[in-house]
Amino acid sequence: MTAAPAVPALLSPEDLEAALRAIGAARYHIHHPFHRLLHDGKLTRGQVQAWALNRYWYQAAIPIKDSILMARFESGELRREWRRRIEDHDGRVHPDGSTDTGGIERWIKLAEGVGLSREMVVAADQILPETRFAVDAYVHFVRDRSLLEAVASSLTELFSPKIIAERVSGMLANYDWIGPDTLAYFTPRLTQAPQDSDFALAYVKQHADTVEKQQAVLAALRFKCDVLWSQLDGLYYAYVAPGFVPPGCFVPEDTRTSEQASA
Ligand SMILES: O=C(O)c1cc(C(=O)O)c2c(n1)C(=O)C(=O)c1cc(C(=O)O)[nH]c1-2
């Protein structure tokens, strides 16, 4: 006789939060070897450029997925909360004409700070296939899955202040050619991310009120951890080991062979 498969129990909101946090503790990209190399100062300038270039595609997709998500909320109050996220990335124009720079522009400054040109970064035609597939999968997930799963997929932000603090302090300490101005993208994220994730977590705890919904939100967070993890896998494979850069993708100057330089 085979044992019946265990049926998951309905969790209290507190236990659901604990289960979500356990997923982050095990699967967040803070554990990826590429993050460790970046933070420990073990990457060449070209490898840091590859990271900045590819991550631009993620940054550029965030307000697109948030616009899709916002349009799915039926309540104006919820849309207003989500609109702030979009403005955090796209910037704001105030009635007096003054502007707040958004995250995308700050990411371009980061990329320029590590030696890339704005045009090349924004064109995004030299990013890795893994980056494109993973980021696009995130946008499609938010478009196609339930609203609850879409909100839950943003919950990796519960864990981002820790990786951001670690990354910024590590990069400033370990690369003498990177200064605080270049990494300015990350400063507002340290307050924006907790605001975003507090709201999303409260929403998920309130609305995931059946076993099926709870299992779906846990799976959504696992999916999102995979989105972040596979982007770093792509970078590691192409730029660290074995170092196979897919045809047409960015080849850093400090690793370029004479054949690649003349291509
Ligand atoms: O630096 C990071 O490691 C990191 C991670 C994440 C994340 O966990 O999804 C985000 C960000 N940064 C970030 O800057 C950001 O704006 C952001 C938005 C979202 C999201 O899913 O809505 N995640 C993240």
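**Helix packing, ligand shell and local backbone features**

Helix 3 and helix 4 are roughly antiparallel to each other. The model is a predicted one. In it, helix 3 covers residues 45-72 and helix 4 covers residues 76-90. Their axes lie 9 Å apart, and the packing angle is about 160°. That angle is over 145, the cut-off for roughly antiparallel. The crossing of helix 3 and helix 4 is left-handed.

Now look at the residues in this contact. Helix 3 brings Gln 59, Ile 62, Pro 63, Asp 66, Ser 67, Leu 69 and Met 70. Helix 4 answers with Arg 79, Trp 82, Arg 83, Arg 85, Ile 86, His 89 and Asp 90. By class, the residues of the contact of helix 3 with helix 4 are 6 nonpolar, 3 polar and 5 charged.

Helix 5 comes next. It spans residues 103-113. Its buried residues are Gly 103, Arg 106, Trp 107, Ile 108, Leu 110 and Ala 111. Which helices are included in what covers them? Helix 3, helix 4 and helix 6 (118-123) are among the elements that cover the buried residues of helix 5. Just after helix 5, the backbone at Gly 115 has a positive phi of about 105°.

Follow the chain past helix 6. Ala 124 sits in the loop between helix 6 and helix 7. Its phi is positive, near 50°, and Ala 124 is a residue other than glycine. Is Ala 124 buried, exposed or partly exposed? It has 15 C-beta neighbours inside 10 Å, so Ala 124 counts as partly exposed.

Turn to the ligand. Around it stand Ile 62, Gly 103, Ser 154, Thr 156, Glu 157, Ser 160, Ile 163, Ile 164, Arg 189 and Leu 228. Two of these names have come up already. Ile 62 takes part in the contact of helix 3 with helix 4, and Gly 103 is a buried residue of helix 5. Which helix gives the largest share of the shell around the ligand? Helix 9 (residues 160-174) does, with 3 residues. The shell divides into 4 nonpolar, 4 polar and 2 charged residues.

A further helix pair is made by helix 7 (residues 129-144) and helix 11 (residues 211-239). Their axes come within 8 Å and cross at roughly 165°. Helix 7 is therefore roughly antiparallel to helix 11. The crossing of helix 7 and helix 11 is left-handed. From helix 7, the contact takes in Glu 130, Thr 131, Ala 134, Ala 137, Tyr 138 and Phe 141. From helix 11, it takes in Phe 223, Lys 224, Val 227, Ser 230, Gln 231, Asp 233 and Gly 234. The residues of the contact of helix 7 with helix 11 are 6 nonpolar, 4 polar and 3 charged.

Helix 10 (residues 186-207) includes His 207. With 15 C-beta neighbours inside 10 Å, His 207 counts as partly exposed. How far apart in space are His 207 and Pro 13? Their C-alpha atoms are 9.6 Å apart, while 194 residues separate them in sequence.

The peptide bond that joins Ala 241 and Pro 242 is cis, with omega about 0°.

Conventions:
Residues are numbered from 1 along each chain as its sequence is written. This is a predicted model: local features need pLDDT of at least 70, side-chain atom pairs count only at pLDDT 80 or more; totals for chains, interfaces and linings use all residues. Axes are lines fitted to C-alpha atoms, for helices over the stretch in contact, and angles run from 0 to 180 degrees between N-to-C directions. Helices (H or I, at least four residues) and strands (E, at least two) are DSSP runs, numbered from the N terminus. Angles under 35 degrees count as roughly parallel, over 145 as roughly antiparallel, 65 to 115 as roughly perpendicular and the rest as oblique. A crossing is left-handed if the near helix is turned anticlockwise from the far one by less than a right angle, and right-handed if clockwise. Two residues are in contact if their C-beta atoms, placed from the backbone, lie within 7 Å. Ala, Val, Leu, Ile, Met, Phe, Trp, Tyr, Cys and Pro count as nonpolar, Asp, Glu, Lys and Arg as charged, and the others, Gly among them, as polar. A residue is near a molecule or strand if its C-beta atom, placed from the backbone, lies within 6 Å of it. A residue is buried if 20 or more other C-beta atoms lie within 10 Å of its own, exposed if 12 or fewer, and partly exposed in between; C-beta atoms are placed from the backbone.
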